[in-house]
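Dear colleague,

I am handing over the structure we spoke about, and my notes on it follow below. Please read them with the coordinates open beside you.

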Amino acid sequence: MKMVMLLYLEGDEKCVEGLLADLNVTAFSRVSVEGHGPSGSAGWYGSGAPFRSGMIMVFTEDDTAAAIMRGVQACSAVEDPKHPIRAFLLGVEDAAACGCSPPAPTNER
């Protein structure tokens, strides 16, 4: 199992939603994010103004995660080319939930 974390400007949300819909990804978590980083112009206090961004986390099987990564790489029409949609692929070593039996141990290492 993998976790894919997608970071994007708020204006690119429809593109990200479309990508997930095209891949039949229907379960994910989404949060609004205030992004900070270098920018071309200083904000009110001399630092860069924050970016209105979003983050989506998808927990899914390896093949779907790989398809999401390929889909992000293929995106070309983003709000600001200096701030592309970014995807991060992380391996999920284990998972648990309250009220559930623990998973059977595996011999994988």
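This is a predicted model: local features need pLDDT of at least 70, side-chain atom pairs count only at pLDDT 80 or more; totals for chains, interfaces and linings use all residues.

Residues are numbered from 1 along each chain as its sequence is written, and side-chain values use heavy atoms, with hydrogens and water left out.

The protein chain holds two helices and four strands, where helices (H or I, at least four residues) and strands (E, at least two) are DSSP runs numbered from the N terminus. From the N terminus on, these elements run β-α-β-β-α-β. Of the 109 residues, 22% count as buried, where buried means under 20% relative accessible area, exposed over 50% and partly exposed in between (1.4 Å probe, protein chains only). Among the contacts (heavy atoms within 4.5 Å) with a separation of 6 or more, 72% are between residues 24 or more positions apart.

The sheet

The four strands form an open sheet in the order β2-β3-β1-β4, with antiparallel pairing; two strands are taken to pair if DSSP finds at least two bridges between them. β2 (29–35) and β4 (86–91) stand at the edges with a single partner strand each, so one side of each is left without a neighbour in the sheet. From one strand to the next, the twist averages 20°. β1 and β4, which run antiparallel, are joined by six bridges, and Met3 stands opposite Leu90 in β4.

The helices

In α1, the buried residues are Val16, Leu19 and Leu20. They cover an arc of only 95° around the axis, which puts them on the same side of α1; the arc is that of the directions from the helix axis to the C-beta atoms. Lys14 and Asp22 are exposed on the other side of α1, and the cover over its buried residues includes β1, β3 and α2. Just after α1, Asn24 takes a positive phi of about 60°.

For α2, the 13 residues should span 18 Å at 1.5 Å a residue, and the end C-alpha atoms are 19 Å apart, which agrees; the expected span is 1.5 Å times one less than the number of residues. Ala65, Ala67, Ile68, Gly71 and Val72 are buried in α2. Seen down the axis of α2, these buried residues fall within an arc of 160°, so they line one face of the helix. The face turned away from that buried side carries the exposed residues Asp63, Arg70, Gln73 and Ala74.

The core

In soluble globular proteins, nonpolar side chains tend to be buried together. A nonpolar core is taken here as a set of buried Ala, Val, Leu, Ile, Met, Phe, Trp, Tyr and Cys residues joined through side-chain atoms within 4.5 Å. Of the 13 residues in the largest nonpolar core, Leu6, Val16, Leu20, Ile56 and Ile68 touch the most other members. The elements that give two or more residues to this core are β1 (2–9), α1 (13–22), β3 (51–60) and α2 (62–74). Not counting residues up to four places away in sequence, Ile56 touches a set that includes Val4, Leu6, Val16, Leu20 and Phe28.

Individual positions

Ser53 is placed in strand β3 and counts as buried at 14% relative accessibility; leaving aside neighbours within four places in sequence, Ser53 is in contact with Tyr8, Leu9, Glu10, Ser32, Val33 and Gly35. Thr60, also in strand β3, is buried with a relative accessible area of 13%, and beyond residues up to four places away in sequence Thr60 touches Met1, Lys2 and Ala65.

Pro84 is found in the loop between α2 and β4 and counts as partly exposed at 31% relative accessibility. The C-alpha atoms of Pro84 and Tyr8 are separated by 6.7 Å, although these residues are 76 apart along the chain.

With best regards

Conventions. Axes are lines fitted to C-alpha atoms, for helices over the stretch in contact, and angles run from 0 to 180 degrees between N-to-C directions.
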